Number of protein chains: 2
Amino acid sequence: MTALAQHEVLETPRTAVSSSDGSTSVLKALQLMDAFRNGSRLLGVSDLSRRAGIHKSTAFRLLATLERGGYVERVGTKYQLSLRVFEMGNRVELCKPSGLRDVALPFLSELYATVNRTVHLGVLDGGEVLYLEKIHGHRAKRLPTTIGGRMPANCTAIGKAMLAFSDKETVMAVLDQPLTRMTPYSNNHPGRLVNQLHQIQVDGIAHDREEVALGLICVAAPILRRGRAIAAISVSSPTAGFNEALVGEQVRTAAQGISAAMFD
Amino acid sequence: MTALAQHEVLETPRTAVSSSDGSTSVLKALQLMDAFRNGSRLLGVSDLSRRAGIHKSTAFRLLATLERGGYVERVGTKYQLSLRVFEMGNRVELCKPSGLRDVALPFLSELYATVNRTVHLGVLDGGEVLYLEKIHGHRAKRLPTTIGGRMPANCTAIGKAMLAFSDKETVMAVLDQPLTRMTPYSNNHPGRLVNQLHQIQVDGIAHDREEVALGLICVAAPILRRGRAIAAISVSSPTAGFNEALVGEQVRTAAQGISAAMFD
DNA sequence: TTGGCGGTTCCGGAATGTGGAACGTCGAAA
DNA sequence: TTTCGACGTTCCACATTCCGGAACCGCCAA
């Protein structure tokens, strides 16, 4: 834990309160909440103040305020995010009843029951894939994904499925940044990525063949609205004994079902 | 500030900014976030300021700050919670990798695949059940539950399963408040509830027979740690053709599996 | 046109938050 | 054992920061 803390302090100047304008106290409070990003569940005042780049006494006061507001809980002298934050998080547009997640869930459950492999629902956010839902059983290989977690768009099937049906600015924003590489097979070559996207536009299905983790293969299909991807779903599986073509069709069918359920 | 106090008294008792101490701007910002609770996805400045009991110009400024912090998004002149809030929400202790939700998910998926009926994972929070996860297919009757949503503890199977294995203070806190009644069958009689809890302690299984919605029946089992319930899972089904005893066993087995996976 | 409503901007006054300093405590290192 | 550093916590004077009344603009309905 101490090692972790040092690590984070070193690498994350992050979104410092810009000196100029704005209600600094609110921004600092938000930074304190952000400070829970990587850290373990329980964090102390000094730790949080360091991560957020805020003076200790200020952090102490703000944490008390956040606690009064019900957004953090105090356990002894440590703090953690409260369940209300979870509650709020699930009130975001895509999650609420009749939102994307809510509509998609039964399709994901049934897809999982059919293929018996890990199923993901994700959206594109700031050039990354943000996972809204994940369904998996015990046999599933341990994946590095989490609900509410992120992965680079260029090497995930979901990311590529969405990029293939996004406007050029979105694609360019991803291509302009250096492409992340998670395995030797990760596609970090812009030109090759563009070619892949063209093929995906034809197939309606995106692939990730050991680009995220060795021995792991994924197929994904976009959820479209007027030809634009608003999300994508995928099935992930160990490479062995995976019928890529068959599952690809099933994923595409499920994705189309979600599109229809949302917009028709 | 005095004018503000009057204002709030008039329209919104709610969680008014207590007059005494504290950083009001942060509290008001949190109140603004809370204002997204019931409302539809997109809300305007005036609307939000009314819900939160905050002056319009103040709300306008704070919303700009929240936007800078990345917690709300602006669409035209309206505002909505951003995906970062979702991201944060899933970083709450119970959700993160190795947290309860993460551990429980495969058990829930497999339970769903077995019984083919809606599966819930919930915890007790402030005398209510807060749902952490929900898995359901298409055939499932439309339930009034949502991930991140709440239900009264006294008439849900999950609530009763947890209360039966909670300390007395928790039970008393629920009993002290008037018990909610959602259908004519809802158990809003304190004495009868206590009796039910005793039976649940013996069986290890809790029931809800049309107490939440007519034609809907649920069985739940607690996830225990040292004899105390930290959560519970349930299966919900239309009354017709539901093998309560069999599913009850399956739910209990799954719950025990989760307990074992978390604490062993 | 008028009146009402929503979003936005401005500004002076004062309430508010700020952060340096200091204190008590604890655990690890000396 | 003592020492030292780190942590949580409190205090306070200063001035920065936020507050909210008021007003403006644009829009829609009456």
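This is a predicted model: local features need pLDDT of at least 70, side-chain atom pairs count only at pLDDT 80 or more; totals for chains, interfaces and linings use all residues.
Stop 1

**Stop 2: where the chains touch.** Now colour the contact between them: 46 residues come from chain B and 46 residues from chain A. On the side of chain B that touches chain A, the elements giving two or more residues are helices H2 (24–34), H4 (56–68), H5 (83–89) and H6 (100–115), along with strands E2 (78–81) and E4 (128–135) of chain B. If you colour that side of chain B by residue class, you will find 23 nonpolar, 14 polar and nine charged residues.

**Stop 3: the DNA.** Next, show DNA strand C and the 21 residues around it; B:Ser23, B:Gly44, B:Val45, B:Ser46 and B:Ser57 come nearest. Both chains take part in this surface: helices H2 (24–34) and H4 (56–68) of chain A, and H2, H3 (45–52) and H4 of chain B, each give two or more residues. Which element gives the largest share of the surface near DNA strand C? Select H4(A), which supplies four residues. By class, the surface near DNA strand C holds four nonpolar, 13 polar and four charged residues.

**Stop 4: the annotated domain.** Move along chain A to residues 84–264, where an unreviewed UniProt entry places the feature "domain: IclR-ED". This span of chain A is 40% helix and 24% strand, and its end C-alpha atoms lie 33 Å apart.

**Stop 5: strand E8 of chain A.** Zoom in on residues 228–238. Is E8(A) mostly covered or mostly open? It is mostly covered, with nine of its 11 residues buried. Show its partners next. Strand E7 (residues 216–225) of chain A pairs with E8(A) in the antiparallel sense over 10 bridges, and A:Cys218 stands opposite A:Ser236 in E8(A). Strand E3 (residues 118–125) of chain A also pairs with E8(A) in the antiparallel sense, over five bridges; here A:His120 stands opposite A:Ser234 in E8(A). While you are looking at side chains, recall that in a regular strand they alternate between the two faces of the sheet.

**Last stop: the hairpin.** Finish at the turn joining E7(A) and E8(A), where two residues sit between the strands and A:Arg226 takes a positive phi near 50°.

Key:
Residues are numbered from 1 along each chain as its sequence is written. Chains are lettered from A and ligands numbered from 1 in the order in which they are written. Two residues are in contact if their C-beta atoms, placed from the backbone, lie within 7 Å. Ala, Val, Leu, Ile, Met, Phe, Trp, Tyr, Cys and Pro count as nonpolar, Asp, Glu, Lys and Arg as charged, and the others, Gly among them, as polar. A residue is near a molecule or strand if its C-beta atom, placed from the backbone, lies within 6 Å of it. UniProt positions are given in the numbering used here, feature names are shortened, and annotations may be inferred rather than shown by experiment. A residue is buried if 20 or more other C-beta atoms lie within 10 Å of its own, exposed if 12 or fewer, and partly exposed in between; C-beta atoms are placed from the backbone. Two strands pair if DSSP finds at least two bridges between them.
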